[in-house]
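This briefing reviews a structural model with its sequence.

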Amino acid sequence: MKVLDHFLIGQQLCNYNKSSIQKEYGNLKGPLNIMWDMTNRCNLHCMHCYNGSGEEPRYKDLSDEDMMVIGRHIVEAGIPIVCFCGGEPLLRYSLIVRLANLLSENGILVNMVTNGLLLTKERIKELKNNGINGIQISLDSYSPEVHDKFRGRTGAYQKAMSAIENILLSGIVPEVTFIPTKVNYMDVGGVIDILYKMGIKKLNSMPFIPIGRGYDNKKKLKMSSREQWEFDWIIHRKRLEYMDFEFNNGDPLEHIYLFSQNPYAKTITYEIRCNGDIVVSPYLPFLYGNAVESSLNELWDAGLKDIWRTPLVRNASERIISLEEIENQDNMPWNNEDYQMYEGGVYDVLYQS
Amino acid sequence: MFYTRVKKSYVGLLREEENGTRLFYPVSYSKPHFMNKSVYEIWNLIENRTEEDIVEVMKKKYPKVGEDRLRKDVKHTIAYFINLEMVKEVNECMEEKVCDICMFEEKDFTNASKFIMSTGGVATDKNFLFTSNHLQGETFKSYYKAINMRTNHFHQIEVFLNVVDKETEENIGVIGIYVCPNNSVVYVTTIVLSNKSNLESALNGLETMLRNQTVKEIKIKFADDSSVDEQLFCSLGFKKESVILFETINGGDFFIYGKEIERERVC
């Protein structure tokens with residue numbers, strides 16, 4: 001990497017240079033990672049779901065063969081990390097085994113997100129043998145009632161807990177995620193206690209984003225500033241109690257800030273929807289082509305790589321200061337209000353003007 | 001209507017007995033009194049709070065107890081302490097507190113950034129401005145850019161609080177804090193107030209917020225060339241604790257001032 005060369009050749013090991021690191025993002029040949037929705041169907045009905053997954057999907061699934069075509073495009077594009085998301089990926093179990101095998105055989109790191117309902121010991125073993133590297137699972141409370149209410153199904157908590165145990169037994173440490181909302185924020189301490197006792201020393205979190213079904217439920221879920229304050233203090237206390245426990249609070253806006261702050265950056269990540277549409281950011285209403293109709297490399301060269309530099313996306317990203325602006329966009333993502341920016345879409349019109 | 005505890009309203013210590021009850025001698029009626037654990041919890045919550053505020057906290061802590069029962073217990077406990085002259089009622093109109101403090105919400109960063117920028121980083125006769133001493137000129141603007149404030153807040157590098165005028169509900173200031181990893185000390189890292197006369201009220205509000213957590217002391221670190229009037233902080237109960245030599249951006253010294261958060265004298 002050039003940055004490393006610069007450090008070594010210059011013999012100034014600590015010569016941190018913001019500009020040269022920023023420029024490295026301008027030399028990318030493809031994204032660093034992608035999220036790939038296996039389906040928009042789900043066997044749960046979570047109150048906060050950002051893409052409204054459920055029994056009645058908003059987007060049609062591609063056939064297994066079309067998904068395999070996209071898998072080969074991913075291999076061709078050399079994308080280093082792929083995460084199978086959804087909906088619930090395990091509803092297409094045989095497909096994800098085939099895809100995991102294809103991608104991992106070609107050196108790609110494959111992770112998946114699941115609610116754990118359909119995750120048996122045998123399946124974990126088969127997924128692992130076929131190249132699944134990491135499994136992320138959500139735990140919203142230590143109380144089955146709260147978790148089940150949040151997830152819209154009785155028994156979801158027990159299934160999630162037994163999935164976590166089985167993943168651990170298989171030799172993978174699961175990535176456990178907690179989204180604090182008005183309903184469950186007080187329970188985060190209990191969740192940390194449970195994980196720590198199980199030997200899991202990390203909890204991932206990110207703020208609730210009121211889009212998709214979360215938008216419909218925002219009054220029930222969005223925390224007040226006082227609740228957020230209490231939540232932060234529970235975390236402070238737990239950090240002191242378990243000094244080797246990592247509470248990892250991810251900022252969903254970081255990738256947007258990158259592009260509004262870095263004038264060189266190429267597209268570092270995108271999402272492929274279950275119908276093949278390329279989603280520029282899960283939190284913005286922009287699409288760029290379809291991964292079945294064109295290869296990912298074609299889309300990249302045609303403009304996906306610089307999509308954040310186009311006036312439409314740039315203006316949108318520069319307006320995003322906080323989650324408040326995400327919640328109040330004119331066109332909402334995951335609501336069939338997206339702009340298609342590829343070939344004759346709004347991109348050409350605006351870019352030329 | 002708020003309730004607040006009367007200072008020095010009991011004699012000596014509030015002693016915890018073996019079963020968790022507290023022994024105390026009210027000044028107004030100096031015979032042994034006892035409060036059980038629940039009453040003691042409510043006692044600790046009576047500090048610039050309404051009856052409703054206290055019931056809300058108790059509801060969250062005891063979700064299985066009926067709301068009517070909690071409300072009744074809170075009402076009776078407050079009445080009990082009022083009779084013992086250990087708690088007084090404070091009408092909003094006669095209340096000294098002029099500010100409310102609350103943590104930033106996502107929507108607050110843009111306006112707060114504009115508010116801070118409007119000072120241009122310069123203290124005047126009217127306003128009150130305390131920021132880290134290395135934040136000058138462009139660095140000041142860059143640090144208090146809305147995105148940067150949000151990122152620092154999100155990652156708890158500096159947590160921002162709104163200071164709101166109780167009457168008009170207008171934002172009249174911003175306070176930034178850093179919570180030390182031991183959870184016992186909080187550094188005040190930013191104070192920007194449109195009117196310096198609100199400093200005491202704003203800091204009292206902060207103290208009240210922190211009192212309910214595990215914080216024992218609020219600290220503030222001044223550079224020796226800071227424009228902040230250290231005497232002003234001394235008059236608000238801060239005491240000089242230590243000097244850090246040669247560490248400011250100009251090679252000068254830092255002074256650390258601290259104020260213990262007033263707590264119950266529990267034996």
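Which residues of the largest nonpolar core touch the most other members? In this predicted model, they are Ile278(A), Tyr288(A), Ile175(B), Ala202(B) and Leu206(B), out of a core of 127 residues.

**Nonpolar cores**

- The largest nonpolar core numbers 127 residues, and Ala202(B) is among the members that touch the most others. When neighbours within four places in sequence are left aside, Ala202(B) is in contact with Cys99(B), Ile101(B), Val163(B), Gly173(B), Ile175(B) and Leu193(B).
- Another core, of 17 residues, lies apart from it; Phe24(B), Ile42(B), Met86(B) and Val87(B) are among its members.

**Contact between chain A and chain B**

- Chain A contributes 15 residues to the contact, and chain B contributes 18 residues.
- On the side of chain A that touches chain B, the elements giving two or more residues are α11 (225-241) and α15 (323-327) of chain A. Of the elements there, α11(A) gives the most, with 8 residues.
- The composition of this side of chain A is 7 nonpolar, 4 polar and 4 charged residues.

**Domains of chain A**

- Chain A is assigned two ranges: domain 1 covers 31-250 and domain 2 covers 277-352. Their C-alpha centres are 25 Å apart.
- Where these domains meet, 17 residues of domain 1 of chain A are in contact with 14 residues of domain 2 of chain A. The side of domain 1 of chain A that touches domain 2 of chain A comprises 10 nonpolar, 4 polar and 3 charged residues.

**Architecture of chain B**

- Chain B contains 8 helices and 13 strands, and its C-alpha trace spans about 60 × 40 × 35 Å along its principal axes.
- Of the 267 residues in chain B, 29% are buried.
- Among contacts in chain B with a separation of 6 or more, 60% are between residues 24 or more positions apart.
- The domain assignment places domain 1 of chain B at 2-93 and domain 2 at 99-260. Taken over C-alpha atoms, the centres of domain 1 of chain B and domain 2 of chain B are separated by 32 Å.

**Helix α6 of chain A**

- Within helix α6 (residues 144-151) of chain A, the residues His147(A), Asp148(A), Phe150(A) and Arg151(A) are buried. These residues lie on the same side of α6(A) because they cover an arc of only 160° around the axis.
- The cover over the buried residues of α6(A) includes α7 (156-169) of chain A.
- Gly152(A) follows α6(A) and has a positive phi, near 75°.

**Backbone exceptions**

- Most residues other than glycine have a negative phi, and most peptide bonds are trans.
- The bond between Gly86(A) and Gly87(A) is a cis peptide bond, with omega about 20°. Gly87(A) is located in the loop between β2 (81-85) and α4 (93-105) of chain A.
- Asn336(A), although not a glycine, has a positive phi of about 55°. The residue lies in the loop between α15 and β11 (339-340) of chain A. Asn336(A) is exposed because it has 10 other C-beta atoms within 10 Å, and 12 or fewer is the criterion for that class.
- Gln156(B), also a residue other than glycine, has a positive phi, near 60°. Its place is in the loop between α6 (146-154) and β8 (159-165) of chain B. With 15 other C-beta atoms within 10 Å, Gln156(B) is partly exposed.

**Gly121 of chain B**

- Gly121(B) is found in the loop between α4 (109-118) and β7 (128-130) of chain B.
- Is Gly121(B) buried or partly exposed? It has 17 C-beta neighbours inside 10 Å and therefore counts as partly exposed.
- Not counting residues up to four places away in sequence, Gly121(B) touches Gln136(B) and Phe140(B).
- Gly121(B) and Glu247(B) are 126 residues apart along the chain, and their C-alpha atoms are separated by 21 Å.

Note on methods: Residues are numbered from 1 along each chain as its sequence is written. Chains are lettered from A and ligands numbered from 1 in the order in which they are written. This is a predicted model: local features need pLDDT of at least 70, side-chain atom pairs count only at pLDDT 80 or more; totals for chains, interfaces and linings use all residues. Two residues are in contact if their C-beta atoms, placed from the backbone, lie within 7 Å. Helices (H or I, at least four residues) and strands (E, at least two) are DSSP runs, numbered from the N terminus. Ala, Val, Leu, Ile, Met, Phe, Trp, Tyr, Cys and Pro count as nonpolar, Asp, Glu, Lys and Arg as charged, and the others, Gly among them, as polar. Domain bounds come from an automatic or database domain assignment. A residue is buried if 20 or more other C-beta atoms lie within 10 Å of its own, exposed if 12 or fewer, and partly exposed in between; C-beta atoms are placed from the backbone. The arc is that of the directions from the helix axis to the C-beta atoms. A nonpolar core is a set of buried Ala, Val, Leu, Ile, Met, Phe, Trp, Tyr and Cys residues joined through C-beta atoms within 7 Å.
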